[in-house]
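Thank you all for coming.

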Amino acid sequence: MRNSSNVDSSLACFHCGSPVPKGSDFTTLIQGEKRSMCCPGCQAVAETIVSGGLDNFYRHRGDDVRSETGDLLQLQELTQELALYDRPDVQKTFVSGMESDTYDAMLVIEGISCAACIWLLENHLSRQAGVVRFSVNLSNHRAHLLWKPDEVKLSHLLAEIIQVGYKAHPYHPDKEEQLLQQEHKRSVIRLGIAGIGSMQAMMFAGALYAADMSGGMEDKYVLLMRWASLVVSTPVILYAALPFLRNALRDIKARHLTMDIPVSIAIWGGYVASVWATAFDTGEIYFESVTMFTFFLLIGRFMEMKARQRTGSAGNALMDLLPTSATRILAGGTEELVPATDLRPGDRILIKPGHTIPADGIIRQGVSSVDESALTGEYMPLSKRRGDKVVGGTINVESLLEVEVTTVGEKSRLSSIVRLLDRAQTEKPRIAQIADKVASYFVGATLIVAIAVYTAWYFIEPASAFWVTLAVLVVTCPCALSLATPTALTAATGTLRQAGLLITRGHVLESFSKATHILFDKTGTLTEGRLALQETHPLAELSRNELLRIAAALEAQSEHPIARAFKPWWEVSADQVEMTLGQGIQGQVDGQRYRIGKPEYCQALYQGALPDMPDQERQWILLANETSALGWFALDDQIRREAYETLSALQKMGLKVQMVSGDTSPAVARTAEKLGITEVYSGMSPEQKLEHISQLQSQGARVIMVGDGINDIPVLVGAQTSVSMGAATDLAKTNADAVLINNHLKTLVDGILLSRKTERIIKENLGLSLAYNVIALPAASMGMIPPYIASIGMTASSLVVVGNALRLTRRPPKAAVVRSSSLTTPAKAGT
Amino acid sequence: MPETLAFSTALLIGLLGSTHCLGMCGGIAASLGLKTPTQSFHPGLFLLAYNLGRISSYGLAGILMGSLGAALISAEGGLLLRSLAGLLLVSMGLYVSRWWTGLTRLESLGGYVWRYLRPLASRLMPARNPLQALALGAVWGWLPCGLVYSTLLWSAAAGSPEKSALLMLGFGLGTLPAMLITGVLAQQMQQLLKKRLTQQLAGTTLILLGLLTLPWQGWLQALS
């Protein structure tokens, strides 16, 4: 076998070395090469080995696994960072057992792609002196390391991991996730036990059934099979089905009817009756039915948990985004590497390209682009320059940035998002409450029906009474009913967060889908909320570009919103700059003195007549030199990209769109006209806005209010549903029910479409589960459904419901209008 | 006529047939036996657990097929089943001797089943503890293997689940020596067992067994 691949590769099976039969075509792709196999068996084995990630098996075939050397350069660079992990104060956060001589840490390993990686890592690390144990989990890429700190340093072990080609950093589990993990682990074990047990019980039942059909088996074998069924079913009932019993007892104590009660009655009743039947060799056994029922129920629960945790972990995954170390610049200009948790507001930090930004802050030096996709769902990196804000957890893409830290820890944007998401998920929307209530009535009804069925059958045919009742209890298990809403809501919330719409309240999905009116604030919502140059109007012989160059030079050192509008044309900076607050700027460009700003201020420089403003609708500023006025610049707030598409999409969806603005300027009407809004309320004070909303709501309208989240907080609170734009919002204090984290209005359309779809799916789910029960219950009561078929039916109905809900995890459908528009940028089209 | 559907025959089939499995599953056994990632378990324990899992899967399959066989068996059905069993043994012999590899078609059928089990097996490799090895073995038992499949069909002719299971267990035990040895002496054994002569000898014996299994008397009665 050793040399099979190179003796005669055209004829020998790559896997086993046997000759390959002529004319056969069994091949497997191994390490990028197509290899011939002699038979489907070898092919299957080889595919299993490859898909199990054990290609190394073929490379080494019995030799020892060789460690692959990592990039040494990278290693040297990292050594300094790794040394951080030897500091006791750093270790304190992720190492346990520090009082003993063996330390215990969880690490996250990056770069694991397959089981072979784990094999390699475990082999390599376990050989290191001082390592007590090292095991890696394939699915979550976490490693558990036990080592003796007096024999080996943690940094050395981390370096060893890098040396074999992976990257390791400490894992800080929060309490909740630890619990989730335990829960997950236990359910997998339960599922496994129930799965194996029920399969075995099915086998025996099948054999007994077949024997029964073909004229009987010897009695001693029948007895043996019955006892064997008992043996394989017992762990399923005593361990795997225990949570149902525990919940049922808890709920009975709390006088609360839940589905765990009929479930427990069915499982334990069936089991006890079967044990009795086995022990005294009398009557039917139902081991296969009760174990299958348990197994299927556990599958349903497991899937629900998975769906729940998917969004839950979306939150936790966000926290994982933050790096553990940061480069801080000290007063003298020297750099030091510190744990990210040591950062304080006011610290200056350096962020290398490709690195994650460790805290929220403001750029003090450098120009780069930042990838915020993890937070906003926006896949194109955004360009950022001096004065722009950056958010911890996003990635610096292009070049070195120097950032001043503004917020850390709890108050940071990332923590706020996670907290808001948690809040939304703990609140039960009305529809979920109703579903719970219905389910609880349903359980009560089921129990009554079960008793009635048992009594009736006891008089008709006592022998069948038990299994018919069992079937009734199993078939009506309202799992589907209680799964219908929560899974759909969780799935939708998670999907929207990834798309850039953060839902912070439980009722949002419901009220989104029912909304009749959607009100927009103007400044900062429909518009960008910052001034942009709209028009240049030369008055002298200077060209537009020349004018802009001079203007940009003058404005270069100003932080005023007007100055930002000129940034794109900046080439040089003016000398001898003087700023007059509220008036303008004076400075020298190419040896000439200029002024830019209010017309009167500029007029004072050249002492001539004031030229006419091109129009009265916009804000115009003048540029002048010492002899004459040179040109006008029109500045206006930019309408957001996609605003028009969004509004027309919303209108097409049947929503009444209104604009309410505090602004009195003609800009309001112009914006409305451009956006196709007919109902415009301008010059409204916050009180008036609030009154307007309450009036609409008292007329039966369901209102969504979209604002920038700064100036309109009271208004937002007054509306049934409020949405604020993410960029401006202080997430730590937000009252909005939803936040457009990515600032794309169009996501609102996605959100409303998805909320409608969610409502539809919830209704479908409730309908499906009710319809199922309506059909199944009478059939089971009449004794037409044996218990094991009942458990299949029950599972099928829950799986259909969960599967239906998971349709919501697909990305929201694109708004129909987008297709008809050529204005969408490639960035958006790509998402 | 000697009863060919016996435990001893099954043992023999396993023993003879295993000249074939060596290359295919031997490597896996070796990797289980030699490359235990953690040192806390004896390598032999892995091998044993793995084989135990594999053989019990065969037994399970035996119960299944046996039940099916038992349900089918009647005067004509039994004759048919037995004829099939004999023919399968003959083709197994041809397969092991590599004179005719028609059985691969049967294997291809099993490939469909395996497609679903494969991820499970992949996940269990490499086995980290004997329990995982046991599970791996249990999954491995369902590998598309002409040998196992034809033995299974052959065992169905026994006519009752427990008899079929017993036969399959016998077959499994028969494959044990080859599998256990490869785990430890992989290369040396491979050389010997891969010799053409060994294969042809084993194949011929299997063919003879197959011919013996064929219900000659039954056919004569059916014809007359």
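I will begin with the numbering and the model, then turn to helices, cores, one glycine and a sheet.

What you see is a predicted model, in which local features need pLDDT of at least 70 and side-chain atom pairs count only at pLDDT 80 or more, while totals for chains, interfaces and linings use all residues. Residues are numbered from 1 along each chain as its sequence is written, and chains are lettered from A and ligands numbered from 1 in the order in which they are written.

In the model, residues 765–782 of chain A are 94% helix and 0% strand, with end C-alpha atoms 26 Å apart, whereas residues 788–806 of chain A are 100% helix and 0% strand, with ends 27 Å apart. Helices here are DSSP runs of H or I with at least four residues, strands are runs of E with at least two, and both are numbered from the N terminus.

How do helix 27 and helix 28 of chain A cross? Their axes come within 9 Å and cross at roughly 170 degrees, and therefore the two helices are roughly antiparallel. Axes are lines fitted to C-alpha atoms, for helices over the stretch in contact, and angles run from 0 to 180 degrees between N-to-C directions; angles under 35 degrees count as roughly parallel, over 145 as roughly antiparallel, 65 to 115 as roughly perpendicular and the rest as oblique.

Next come the cores. The largest nonpolar core has 210 residues, and Ala471(A), Val474(A) and Leu136(B) have the most contacts inside it. Such a core is a set of buried Ala, Val, Leu, Ile, Met, Phe, Trp, Tyr and Cys residues joined through C-beta atoms within 7 Å, where buried means that 20 or more other C-beta atoms lie within 10 Å of a residue's own, exposed means 12 or fewer, and partly exposed is in between, with C-beta atoms placed from the backbone.

Is Gly69(B) buried or exposed? Gly69(B) counts as buried because it has 27 C-beta neighbours inside 10 Å, and this glycine is found in helix 2 of chain B, residues 43–72. Gly69(B) and Ser164(B) are 95 residues apart in sequence, yet 8.8 Å apart in space, C-alpha to C-alpha.Last, an open sheet in chain A has seven strands with mixed pairing, where two strands pair if DSSP finds at least two bridges between them.
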